Each structure stands twice: as C-alpha cells, then as structure tokens.
Amino acid sequence: KKYNMWLQYQPITDTKMIEQYQYFFTKIGVLSEGLQVQAALDELHAAVPQMLDAKFTVSNDALNSTIVIGNRNDLARFLDSEQQAKLADMNDEAFLIASNQEQLIIAGNSDVAVLYGVHHLLRLVQLNEDIAQLSVVEQPKNQFRMLNQWDNFDGSIERGYSGQSIFYQHNQFVEDKTRIKDYARFLSSVGINAISINNVNVWEEETYFITKKYLPEIQEIAGIFRVYGITLYLSINFGSPVTIGDLDTADPLDQSVQNWWKEKAKEIYDYIPDFGGFVVKADSENRPGPFTYERDHADGSNMLAKALEPFQGKVIWRCFVYNHLQDWRDRTTDRARAAYDHFKPLDGRFHENVILQVKNGPMDFQVREPASPLIGAMPNTNQMIEFQVAQEYTGQQIDLCYLIPQWKEILAFDTHIKGTGTTIEEIVAGNIHPYKYSGVAAVSNIGDDENWTGNTLAQANLYGYGRLIWNPSLLSEQIAEEWIKQTFGSKEEVLNTIEDMLLNAWGIYENYTAPLGVGWMVTPGVHYGPNIDGYEYSKWGTYHFADRDGIGVDRTKETGTGYTEQYQEPHRTIYNDLDQVPDELLLFFHHVPYKYTLKSGKTVIQHIYDAHFKGYEQVEGLIEQWENLRNYVDNERFANVQDRLERQLDNAKEWRDQINTYFYRKSGIGDQHGRTIY
Ligand code: GCW
C-alpha cells in the first residue's frame with residue numbers, strides 16, 4: 001500500500017456507483033497509437049481489475065465501445081462542433097471528457113493529453129464520482145510543470161529525506177529501472193511534464209553525464225519518461241569545457257567555448273532527440289559560472305541557449321545567486337536583495353529559450369518568507385518559480401508540514417507589477433508578460449524508501465504540487481481530500497482527521513520554529529532542529545540580530561538595507577511601514593523591541609512564548625488525532641506516521657525550550673502566564 005502512493009486503485013465499495021463503473025469499463029475503444037495513449041491503456045489495465053474486479057476488452061471499434069479514448073484528430077468524428085471548438089481553443093495538453101448513459105469519450109489535444117484525461121477519469125472513480133454525465137474540459141494553467149531531482153551519482157540526495165536515489169547507486173545508474181517507471185507514472189498522474197534528474201550542484205563525475213560515457217543510460221531514462229509525457233533535462237556544470245573538454249577556459253564569449261557547447265548539444269540530441277535542455281546553477285555557492293571571466297548571467301546563459309536552439313532545447317538558469325561568503329560585520333549586504341540586484345538589470349538581454357528559475361522567496365525556502373520581488377519584475381525575460389517539495393527547512397519529512405497552503409499564498413501574491421491582479425499565479429502562467437516559456441519547478445521529495453517520501457503523509461506534498469500547478473485555483477482542502485481518499489480511502493473519520501492534520505501542519509511548524517518571519521535559527525549544515533545563533537556569525541547572510549533590546553532584520557529604506565524598495569506599491573510602503581507590515585513578516589522587515597505590540601495585541605516576546613508553547617501542544621494534538629486512526633489505517637502506514645510524529649514532538653520540544661529560554665535570557669522579560677522557561 002505504501003509503495004503505490006495515491007495510485008492505490010482500491011476496490012470500489014460504493015454500491016451506488018459500482019454498477020455504473022462496471023458498465024463503462026467493459027469495452028474500451030482506443031483510436032490513437034501514440035506512446036502516451038499506450039501508457040493510458042496500461043494504466044487502465046492496472047487500475048480497473050483492482051477497482052472493479054473486472055476485465056475489459058480493447059478494440060478500435062469506437063461505436064461499440066463504452067469508453068473511447070484518443071487524440072482529437074483520431075477522435076474527430078465523435079466530437080460535436082462545440083466540443084471541437086472548445087478543444088481547439090485550448091493548449092496542447094488539454095483534454096475533454098464527455099459522457100452519457102451509454103458512452104464516455106476522452107479526447108486529448110495530444111497523445112499525452114489523453115493520458116491526462118484517463119488519469120482524470122480514474123481519479124473521479126477513486127473519488128466515487130458519477131461519471132455518466134460528464135462534460136469536462138481541462139488544460140494545465142502552467143506550461144512548465146517541472147521537478148528537479150537533487151540526486152547525486154553516488155546515490156545520495158542533497159536535501160533528501162526519503163532514503164537514497166532511485167536513479168543512481170555507487171556511481172552507477174540503477175539496473176532495475178522499475179522505480180523510475182513508477183515514479184514517471186505517479187508524476188504523469190498529476191500532470192508533471194518535465195524533470196531534471198541530477199543535482200543542480202554538478203560534482204566531478206556528474207559533469208560527465210553529457211558525454212558518451214553516460215548518455216546511453218540517460219537515453220534509456222529519457223525513454224521511460226517520454227512514455228509518460230515527461231521531458232528529461234540535465235543539470236550541467238558551467239565549467240564543463242575545462243573539466244571534460246580540453247579547453248583552458250569556459251568563458252562564454254570565447255569562440256572555442258561556444259563551439260564546444262554547440263558540438264556537445266549535437267551529441268546529446270543524437271542520443272535524445274527530445275532532450276529538454278540544461279538546468280544551471282552558476283556562480284552560486286561555489287559553482288563555476290560566467291563571473292570568473294567577468295561576464296554576466298546573460299552572457300553565460302545565452303551562450304548555452306544558442307547551442308541548444310537548433311534542437312528546441314531550453315536553458316533553465318537559476319537565480320539563486322548571492323554572496324555566500326558574507327562578513328556578518330557588514331550590515332550593508334543583504335542576501336534577500338541578491339537575486340533581484342543581480343538579475344533585474346539584465347532584463348531584455350536573455351535569449352528566448354532561456355528561462356530564469358526564481359525561488360519563491362528571497363532567501364531560501366524558509367517556513368515563512370515574503371514572495372520574491374524578482375518574480376514578474378523582468379517583463380522581457382521568461383521566468384518560472386521554484387518551490388521546494390522536499391522539506392529542507394520545514395521538518396525534513398519527519399515533522400508534518402503540508403505545503404500547499406504556503407504555495408497558494410505565494411501564487412496569490414499580487415505583485416502589482418502591471419497594476420492590480422498581476423499575481424504571481426498569472427505571471428508564471430505567462431498571462432501578464434509575453435513570456436514564451438514559463439511555469440513552475442520544484443525540488444522533489446522522493447527517494448528509495450519504500451513509501452517514497454519517508455513520512456507517508458509527505459506524499460501529499462508531491463501530489464499537491466502537481467495538482468496545484470496544473471490548476472492553481474484548487475483549494476488546499478480539495479487537494480488534501482483528493483489525496484486522502486485515493487491514499488487511505490473515503491471513511492469519514494480518516495478523511496476528517498487527516499485533512500485537519502494536514503491543513504494545520506504548516507501553522508504548527510511555524511509556531512514552534514523561528515518566529516515572525518525571521519527565519520533560520522536552525523542547526524547549520526543539516527538544517528533540522530534549533531540552533532538559534534548557529535548562523536548568526538556565519539558567512540551565509542542569514543541573521544536575526546537579537547540583542548537584549550530586540551530582534552529582527554531592518555530591511556527598510558530609511559534605516560535598513562532598502563530591500564523593501566524592490567517591491568511595487570503598495571507592498572513597498574506596507575512592508576516598509578511598521579504600522580502596516582503583517583505580523584507574520586514583521587521580523588523579516590524590521591528590528592523591533594521585545595515589547596513591541598503586534599497587530600494581534602500581543603507583544604513580540606509574549607507572542608514568541610505563546611506560539612512556542614502552543615506549537616508543542618499542537619503536536620501533542622496531532623499525535624492524539626493520529627492515534628484515533630489506529631483501527632482505520634493499516635499497521636505499517638500507521639506506525640510510520642506515528643513514529644514521525646513522536647520524533648516531531650521531540651523536535652518541537654527542543655525548539656520550544658531553546659527559543660523560549662534564549663529570548664527569556666536575552667530580554668529578561670518573563671512569560672505572562674508563568675509557564676516553565678529554563
Ligand atoms: O537550500 C539550499 C540548500 C542547498 C542547495 C541550494 C540550492 C542544491 O541548502 O543544499 O543546493 O539551496 O538551491 O542550490
């Protein structure tokens with residue numbers, strides 16, 4: 001059960017529906033022959049016998065079929081003019097599902113769209129929905145729906161919390177590729193259409209991925225993903241011409257370097273004709289890049305873009321560029337400013353097959369950050385946003401943290417870049433600026449643990465990521481419900497309990513960790529557990545500036561780093577103004593005394609105490625809630641989550657006591673309620 005994540009295809013027990021389903025899933029007419037249509041049929045073969053204890057026939061006799069699937073061209077005769085028009089109006093990945101009592105049709109604008117349509121239908125069945133009067137037309141809102149694996153060739157995963165890589169083991173590609181195929185199935189079931197399969201930090205041996213030594217294996221993996229409509233990308237090392245070529249420079253303006261990459265691109269496309277392109281972390285955290293040669297990011301990415309262009313390849317260039325060798329004594333440098341300061345001035349200089357990938361916040365996937373002001377700020381440059389499904393700073397898949405609400409908040413952020421309504425959701429969907437390419441990427445959270453994600457409940461983040469970026473208007477609640485029903489079944493008790501746990505999880509995690517948007521305070525390196533001053537005098541630019549009087553980072557225009565100026569109005573004013581800044585981001589933008597009163601009416605110090613005592617109690621609550629499901633969930637998954645929750649409680653206790661004690665010692669101000677502080 002744990003292995004199949006949300007594709008459980010549990011037997012349908014709803015007696016009202018079972019007859020209807022059994023009727024439809026008897027004669028399947030398949031009118032197209034593409035790879036992804038075959039995958040759709042395979043999925044039906046996997047699902048139907050399990051759900052309905054029934055088998056179906058397959059033919060190309062559409063008239064006498066109860067379900068007909070195919071792409072729009074092959075299915076044209078079965079669509080009325082209105083349906084034709086609807087599909088014609090939508091993008092390549094759109095599908096239509098229409099049914100009456102006799103027949104159900106799934107038509108896709110492409111072969112992969114048929115696969116999406118079939119998954120949609122299977123989901124409806126798993127959710128026990130009526131499928132006899134369907135009139136569904138869906139298309140993904142985002143063009144790029146990508147995952148980035150941070151897997152290393154030695155089998156480790158940078159920031160992986162679910163075991164080792166499913167792609168590599170001891171500097172070899174895994175021989176048995178079943179898990180890769182299953183992963184592709186899971187991803188396609190939620191509409192993911194692109195994947196980069198190696199860490200953005202491209203180490204020594206991984207640099208050779210783009211050579212003959214490894215391309216045959218990568219070709220095979222690309223073939224697996226292709227069947228599911230997922231395009232394969234590789235992270236590359238900007239220094240490759242020196243490392244694996246025989247050049248003595250990687251200068252992007254050097255003719256021999258440009259030629260080297262052109263040849264390289266040709267070679268890669270010989271193996272993988274539909275290769276997606278490169279993901280590049282350059283001049284970031286010690287990775288090589290154009291700065292070495294006094295060139296900028298436009299020079300660097302354009303050089304690669306030109307090499308890939310003849311093959312329709314893309315360069316996905318990360319904007320996680322900042323000074324990681326900062327001196328804490330230097331109060332003028334502000335890491336939050338870095339991405340915008342580096343990239344905004346380059347707007348308009350990027351080739352049309354370059355896409356900038358910008359992390360959702362200006363720092364680094366903290367539990368709470370404002371939205372990155374760079375997103376949307378470059379009208380003439382393709383952009384996509386980067387989320388982190390892996391819970392690096394949000395509990396590492398030990399602690400529960402359902403991240404969909406966080407991502408929804410970011411997507412809903414109205415940048416005002418072109419007036420009201422220019423939300424990040426619309427920007428990355430390509431509806432505000434004339435982007436050629438845009439969308440969403442995220443760091444994956446899976447590994448070779450049998451349940452893929454360490455904590456079984458962390459599967460919800462992967463599922464939700466796909467569903468959300470396909471259709472950002474889905475609510476966090478809806479996504480949670482869908483996931484729970486497919487994963488654990490539809491019992492009221494189970495549904496209500498897990499839904500409640502998921503929806504509160506982010507707030508709970510925020511309560512017991514770093515307060516009011518200040519971030520960090522984690523154990524350096526591993527990023528799990530508290531260490532309040534762990535990063536305070538380090539080179540990483542992540543400070544809280546707590547002293548005996550107060551805490552927070554002054555990022556205002558007048559007395560701080562001026563970061564607030566990177567936003568449009570009204571945010572510029574709101575964030576800059578102590579009276580207007582929202583409580584949850586107060587310490588991200590301002591340094592205030594401990595007795596400063598929040599909008600909630602509490603002082604900062606009392607808020608810190610209250611939130612931390614509460615956060616711990618809330619984790620006790622989660623444990624109780626889960627305990628109530630003991631008889632509803634199979635032993636293995638029950639024990640897995642129970643174990644994680646116990647560890648979460650230890651973690652919450654450590655955070656609570658260290659944070660409360662630290663601030664009590666700093667401030668000398670006691671808790672109004674006289675609770676135990678050490
Ligand atoms: O969040 C930080 C991580 C690094 C990571 C880096 C990045 C892959 O701690 O492990 O490196 O971000 O996004 O490049």
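Start by selecting E285, D364 and E392, the residues that the unreviewed UniProt entry lists under "active site". UniProt positions follow the numbering used here, feature names are shortened, and annotations may be inferred rather than shown by experiment. E285, D364 and E392 are among the lining of the second largest pocket. A pocket here is an open set of points on a 1 Å grid over the protein atoms alone, where a 1.4 Å probe fits, with protein on both sides within 12 Å along at least five of seven lines; lining residues have an atom within 4 Å of a point.

The model is predicted: local features need pLDDT of at least 70, side-chain atom pairs count only at pLDDT 80 or more, and totals for chains, interfaces and linings use all residues. Residues are numbered from 1 along each chain as its sequence is written, and side-chain values use heavy atoms, without hydrogens and water.

**Stop one: E285.** Find the loop between β12 (277-280) and α9 (297-308). Strands (E, at least two residues) and helices (H or I, at least four) are DSSP runs, numbered from the N terminus. E285 is partly exposed, at 22% relative accessible area. Show F320, Y322, H324 and W540: E285 contacts them, leaving aside neighbours within four places in sequence. Contact means heavy atoms within 4.5 Å.

**Stop two: D364.** Move to the loop between β14 (354-359) and β15 (383-388). D364 counts as buried because its relative accessibility is 6%, and buried means under 20%, exposed over 50%, partly exposed in between (1.4 Å probe, protein chains only). Among the residues D364 touches, beyond four places in sequence, are F320, R335 and W520. Finish on K359: its side chain and that of D364 form a polar contact of 2.8 Å. Such a contact is a pair of N or O atoms within 3.5 Å; within protein, one must be able to donate a hydrogen and the other to accept it, and residues adjacent in sequence count only if both atoms are side-chain atoms.
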